[in-house]
Amino acid sequence: MAATKLARMANQIGSFFASEPDHALAMEGVASHLRRTWEPRMRLQLIAWMDETGGAELSPLVREAVLANRERLTTPTPRNPGPTA
Amino acid sequence: MYSVKEQDAGTPEGTGTALVTLDVDGRMVIVPEGTSVMHAASKAGVQVPKLCATETLGAFGSCRLCIVEIEGRRGFPSSCTTLVQEGMKVHTQTPKLAELRRGVMELYISDHPLDCLTCPSNGNCELQEMAGVVGLRDVRYGLKGSNHLEAAKDESNPYFTFDPSKCIVCSRCVRACEEIQGTFALTVEGRGFDSRISAGGTDFMSSECVSCGACVQACPTATLMEKTIIENGQPDHVVKTTCAYCGVGCSFRAEVKGNEVVRMVPDKTGLANEGHSCVKGRFAWGYATHKDRVTTPMIRKSPDDAWQIVGWAEALRYAASEIQRIQEKHGRAAVGGITSSRCTNEETWLVQKLIRAGFGNNNVDTCARVCHSPTGYGLKATLGESAGTQDFESVDHSDVIVVIGANPTQGHPVFGSRLKRRVREGAKLIVIDPRAIDIVRQPHVEASYHLQLRPGTNVAVANALAHVIVTEGLADDAFARARCDVAEYDTWRAFVSEPRNSPEATEAITGVPAASVRGAARVYAGARNGAIYYGLGVTEHSQGSTMVIAIANLAMCTGNIGRTGVGVNPLRGQNNVQGACDMGSFPHELPGYRHVSDVGVRASFESVWHTILDPEPGLRLPNMLDAALEGSFRAIYIQGEDIAQSDPDLHHVEAALRAMECVIVQDIFLNETSKFAHVFLPGATFLEKDGTFTNAERRIGRVRKVMPSLSGMADWEITCALARELGYPMHYDHPSQIMDEIASLMPTFTGVSYAKLDEMGSIQWPCNDETPEGTPIMHVEAFVRGKGRFMITEFVATEERVTPMYPLLLTTGRILSQYNVGAQTRRTENVRWHPEDVLEIHPHDAEERGINQGDQVALKSRVGETRLRAELTERVQPGVVYTTFHHPVTRANVVTTDLSDWATNCPEYKVTAVQVRRAPNQDAALAPAGAPEIGGK
């Protein structure tokens, strides 16, 4: 997916949470939304693009939220061991 | 009329709380105060003869056939207009009454053609029946006097005829048009013997009639008669089912002769529609047997090849082998699928199950992505459940009704009629919409406020409304502080109170006069019961989810939630879009809106589905298309969805579909998407299968098989067969077993079963041990999430801006006679009302461009161009143009962009900057350049 499009989508998310007065909550809002609704390859591509370009097109809130939650955004969720029945 | 097999008590039951006991022909009966003697008699098992009375209408008292004798009273009062009284003794059959009734019937029959044997109503005619009931044997006046027998028949309407020679001027049609539909298209012209029913002095087709069928249903003779009955005769059996058009989910009686539907009649006992219908559900079902139906599977190596007709086994084997090949080569996540909001809950369930368990990923999405996904997000975040809060009946108790970005009389017509009735009864109406939609001003309906905002400024208007409510002390603080998180409420109050959110400050952004915003806010906040209804004009914006949140904020701060008459009510678009969402069609949520990362939830599914589920969210539809162009997504299974017509930025959609190695389309017709398909699996219409739909009020209604599937398989069977080929067998003998599985895995459905649906008729979820009869009203004692959550809704202008090159804003919508991409309605006589999509443009904008009414115009945006005819109208404000997307030739979505909602990627259909110019060659065909050729068969 085009990184510029992912960046635009991420910035849109940031624009919603930017109005949250508590900065920590705003960061969590951005990170949580990306973690819970973006498919892994989208997250990985966004971060790869940030690593490559510095991600200057991202809003400060989004860039900060992504960097602060880099591991959470890139670490796969473990699968369950198997059906229980 | 209704089938004679149905009971009709003649008038509605009274609504009084006190009970009245009376004696009818020696039978004691107890009824609520306000009930008519006729209704009470019916309840006692006594059918009083009648012609002008029917229980769907108010009493009228004109036919004089329902006269009775009441002890202690003089004369022969009409039982339909006489209300019961305690201790009343009524006689419905006496020699005098019989004589009088025969006299009345004589007069009717003296001016009625005696062609019963060849009349289409023969055997199902109330006049014929009453003649028998009263024992009419001759007509003393003869049949040669003045009469109306030569009156010309009006056959202009494609679905029904009006034969005035058979009319008894009972006014049931006129009253149905007024009381039920609320259109006021019919009237009684003339006086005395010259009285006749008129569609406003013209024929039905040229009149204001919207062909809802209410008049036809109300007619006691063959005066208003369905053409299908004239052609085919009366039905031999009835199957109750649920309409497959809009999200109202009307209950219907499919009247069938052999395996052929001859009439669809709205079901009086259906709680979503209470016996009403619209032109689509009532009449536009002929697509089911249209010659364009594809009934055999087809495959081809490339979309450029001709289709090869093959057997089911070969088609499914090919489809499965392609999925497997692509996954082996490109990985498990290289494939995905789309569930259909037109299919049943059970079928949707199976598709997402196949994708999650068979494909092994969460790349599943549904058309809600492009309509109400922001509703799911916004209502879940604020209230705790991704669904509307009320039943439709609730609006009958509203004092103030706010309609935002919805056009109920066009998109949800049966609910629209209900809403209009409530406004006629005195409720105040506030409309927030860029267009002057019908309900802004109609006969006997007028909005107190029409906030005609600029497209894309919903959130600014909502914030301004909230500003007024909070700063003028109109909020229900006690409710908000008791039911919601107080800290969040206070933060929100501070936000909306900021001067920049005042109506005066936002006026420059929204174009709505501050005084109107203040007035509307005061009316809504001051209502005893204020209800908000909204549609895609709310959700299909870059701030769609924000606006849904803003609506929830308004309802919570005014205490308008948790009881009848209030609430937050999304008018869902397609028949089963609520159900498709409930059934787990979103890539980040398992059924019941539970996140895929939830270990326990996954485990519950894994134990039943015998697999290990992917814990990561999958791709949304737009993401799938982007990934296809990038090369990491190669195959898609699309059930009943035409993304190459309905989705935005069609050039992008087409390029993505063409980039895929395997596109499997399961549908009833070849469509725009199938032009890019490699496999076509012929689906079944709602008439050909069993299942359930869930409407906009969370009401689960049964879909019942009326005729055999033309392709030999229902859609649920096709998905099972495909799963089997993929090595993930899913075996069910009947959709009821799928529902049992749903009930076993979804906490909001644990009490749902086909047996209970048969018993109750329909059920509104949640239905479980706590609410075994279902839940008409949600959030009564507490919000589903516990404390209601106020969230800050900063207005952020869309990136789509007008410029000198694109100075107008395009917004899109629907029209009454057509449905969505038109695949069904375009294959019916409904095209008579809407043969093509047109561009509404304000006369001022048209004049500036030298555009006249009916001119062909070029509509151009930053991403595409199309061509259509101009309609000059003041429904749109200067600077705004509007069109529909029902016809593929128009390709309206060529011009819409890929901008989308921040939270859900729901496309911003409602705001596209465009330019409109008079097309240079007015004689050229409207077909736009660049449209792909239709795939051959």
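The domain bounds I use here come from an automatic or database domain assignment. I note at the start that the model is predicted.

**Confidence**

I looked up the overall scores and found ipTM 0.97 and pTM 0.95. For chain B I read an average pLDDT of 95, with 98% of the residues scoring at least 70. One stretch needs a separate note: over residues 928–937 of chain B the pLDDT is below 50. I still find 16 contacts for this stretch in the model, beyond near neighbours in sequence.

**Domains of chain B**

I listed four domains in chain B. Domain 1 covers 19–133, and domain 3 covers 373–570. Domain 2 is written in two pieces, 298–371 and 577–764. Domain 4 covers 808–918.

**Chain A**

I turned to chain A and counted its elements: five helices and zero strands. Along the sequence I read the pattern α-α-α-α-α. I looked up its extent as well, and the C-alpha atoms of chain A fill a box of roughly 50 × 30 × 20 Å along the principal axes. Of the 85 residues in chain A, 39% are buried. I also checked the contacts in chain A with a separation of 6 or more, and 71% of them join residues 24 or more positions apart.

**A helix pair in chain A**

I picked out helix α1 (residues 3–17) of chain A and helix α3 (residues 40–53) of chain A, whose axes are 10 Å apart at an angle of about 100°. Angles of 65 to 115 degrees count as roughly perpendicular, so I class α1(A) as roughly perpendicular to α3(A). On the α1(A) side of the contact I found A3(A), L6(A), A7(A) and A10(A). On the α3(A) side I found M42(A), Q45(A), L46(A) and W49(A). I sorted the residues of this contact into seven nonpolar, one polar and no charged.

**Where the chains meet**

I looked up the contacts between the chains: 30 residues of chain B are in contact with 27 residues of chain A. On the side of chain B that touches chain A, α21 (599–609) and α22 (621–630) of chain B each supply at least two residues. Which element gives the largest share of that side? I found that α21(B) does, with five residues. I sorted the chain B residues of this side into 12 nonpolar, 12 polar and six charged.

Definitions and conventions. Residues numbered from 1 in each chain as written. Chains lettered and ligands numbered in written order. Predicted model: local features only at pLDDT ≥ 70, side-chain atom pairs only at ≥ 80, totals over all residues. Helix = DSSP H or I, 4+ residues; strand = E, 2+ residues; numbered from the N terminus. Buried ≥ 20, exposed ≤ 12 C-beta atoms within 10 Å, placed from the backbone. Contact = placed C-beta atoms within 7 Å. Nonpolar A, V, L, I, M, F, W, Y, C, P; charged D, E, K, R; others polar. pLDDT = per-residue confidence, 0-100. Axes fitted to C-alpha atoms, helices over the stretch in contact; angles between N-to-C directions. Parallel < 35°, antiparallel > 145°, perpendicular 65-115°, else oblique.
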